[in-house]
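Please go through the fold of this protein by question and answer. Keep to what can be computed from the atoms.

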Amino acid sequence: MRMIELDNGTKAQVAEYNEQEILEYQGNPLIEALPPIYSQEEVIDRLCMYPPYNKEERSLNDHQRVHLISRLLHYFQAIPIHLRIESSISRLIRTGYTYRNPVSSTYAQSFVNNWGNIQNRTFDHSIIQTGQTLSIIGVSGVGKTRTLQRILQTIPQVISHVSYNGKPLNQYQVTYLKIETPFDGSVKTIIYDFMYQVDSLLGSNYFNRYVNSRLSTSQLMPIMAQIAQSINLGMLILDELQHLKGVKSSKSTQVLNFFTALINTINIPLVMVGTPKAMDVLQSQFRQARRSTNMGNLLWNRFEKDAVWDLFVQGMWKYQWTDEETPLTEELSAALYYESQGVADIAIKLYMMVQLRAISSGKEKITVSLIKKVAQEELKMVQPMIETLKRNDYSKLAKYDDLLLPNIEDFMEKEQIILDQKQVMDSLKEGVKRKNEQTKLIDDAVYRLSLLGFDIDVAGKAVQKVASKNSQLRDLSQIVKDAFFLLNNNEESNDEVNENDLRTIVEHGKEQQLSAYQALQNAGVIKQDYSVGEVL
């Protein structure tokens, strides 16, 4: 695919049009520019993510293995519900474009109609309702957000159209846009967030233009619709829908009515994502709850202890960096399931924490007891939710879905401190050992050189010089050899050494017509225990 870079740095894919086999999709450049409809095998290949791993990494140092364990955060195993969501999104985005074809005669008219809405400060509800919605509801940690990220990565977010069938087109296509439900339940906040996201993608200036304006929410709503239509928005994703649960009923109603009108007016599909608490919001608005069944209302439960869980755990288990490799057994799988209750995020992070604890404690083995111990100590914040799942009490599950999931970064930092302290002590002990060994080597080398007639101080300097050049030298004979070579090839050292050499003393004595005995005696090498006068 050919890519271009927009002025603001966004990478946009240049449209390449693929012939469509489905009649409703033919002749529509917005659909033909999308990736092909993938088979299940192709979806699996694109969604799965298996980080690199080599068994030999288990023999690395403790502080290195701690870093490697972070790779598990990138592990992603495709499961059946992922395929359902991908298929739903694939159909959703194409269905939305079916009634928005930029080469059709009605495309330009839709802009004119919406301009009337802007002037009248309202939406036109007389349009045929073709917009579709998809609701994805699941407890925190099952993987809703990450799954959407993986699926959306298979679709180019910005596509640049230049010409179609020989005619100029000159349009951008934003296939999806994701915004988060505000805590205050404000429609105006959603509109401003939408404008900000569009500006970030395309380098436009909608946010700065309207954020300080005195336009009311009712005036901004059709403007947002016009922007969405002008960028050929394929799908709008509203995440964290449960935030509406904490606001007044009137505000949550206003938000849902706004999106209903947006869907009806310009046929933009909507994906709503939230925790079980969001079900109360949807069910409180019968019209929205009814519309959310158009493309599907997916209730995403945790893993059951079945073949899907086995597939997930087996794929994860190979990422093991403890010194001792622990094969996956039914007991270990059951323990991990019991303590995580099949919540994917908790299971992965618990497995990471167990390995970190095994390494920091020096036990280097994954056991059932270690899994239980780490879960008891480190999953305290999510224990209420875990206990609720163990009892299958779904009526109380919604009150726990906003709990913080395990913070693996904090745990890694804590275990790193333990490893660092251990490493420091080991390094200090090893340093003392190396120092003692080096001192003994130097002393032994100096002693051997002194036996060869070298002055102790001079020999000591030569040995220190040799040792400083190669701190890893551990061979005494090699040190003596290198120091001897240095002493006999260094003029400054040789002068000092030769003056104290017995041969040099005797040679100088001959020049003064002294016997060897007298020369050595005068040099202080031979000492007299009595004076000549005493003998006489």
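The questions below go from the whole chain to the sheet, the cores and single residues.

This is a predicted model, in which local features need pLDDT of at least 70 and side-chain atom pairs count only at pLDDT 80 or more, while totals for chains, interfaces and linings use all residues. Residues are numbered from 1 along each chain as its sequence is written, and side-chain values use heavy atoms, with hydrogens and water left out.

Q: How many helices and strands does the protein have?
A: Helices (H or I, at least four residues) and strands (E, at least two) are DSSP runs, numbered from the N terminus. By that definition the protein has 24 helices and 9 strands.

Q: What percentage of the residues of the protein count as buried?
A: Buried means under 20% relative accessible area, exposed over 50%, and partly exposed in between, with a 1.4 Å probe and protein chains only. The accessible surface (Shrake-Rupley method, 1.4 Å probe; for residues, only the protein chains shown count as cover) comes to about 27900 Å², and 50% of it belongs to carbon and sulfur atoms. Of the 536 residues, the buried share is 48%.

Q: Which strands stand at the edges of the open sheet of 4 strands?
A: Two strands pair if DSSP finds at least two bridges between them. The pairing in this sheet is mixed, and the strand order is S1-S2-S4-S5. Each edge strand has a single partner, so one side of it is left without a neighbour in the sheet; the two are S1 (3-5) and S5 (167-174).

Q: In S2, which residue is the bridge partner of Met 3?
A: S1 and S2 (residues 11-14) run antiparallel and are joined by 3 bridges. The partner of Met 3 in S2 is Gln 13.

Q: Which residue in the hairpin of S4 and S5 takes a positive phi?
A: S4 (residues 158-164) runs antiparallel to S5, with 6 bridges between them. Val 158 stands opposite Val 174 in S5. The hairpin has 2 residues between its strands, and the positive phi, near 55 degrees, is that of Asn 165.

Q: Which residues touch the most other members of the largest nonpolar core?
A: A nonpolar core is a set of buried Ala, Val, Leu, Ile, Met, Phe, Trp, Tyr and Cys residues joined through side-chain atoms within 4.5 Å. The largest one has 67 residues, and those touching the most other members are Phe 312 and Leu 350.

Q: Which helix gives the largest share of this core?
A: Contact means heavy atoms within 4.5 Å. Leaving aside neighbours within four places in sequence, Phe 312 is in contact with residues including Tyr 75, Phe 303, Ala 344, Ala 347 and Ile 348. The largest share of the core, 12 residues, comes from residues 344-361, helix H15.

Q: What distance separates the C-alpha atoms of Gln 64 and Trp 321?
A: Gln 64 lies in helix H3 (residues 62-68) and counts as partly exposed at 33% relative accessibility. Gln 64 and Trp 321 are 257 residues apart along the chain, and their C-alpha atoms are separated by 9.9 Å.

Q: Is Glu 364 buried or exposed?
A: Glu 364 is found in the loop between H15 and helix H16 (368-378). Its phi is near 55 degrees, a positive value in a residue other than glycine. Because the relative accessibility of Glu 364 is 10%, this residue counts as buried.
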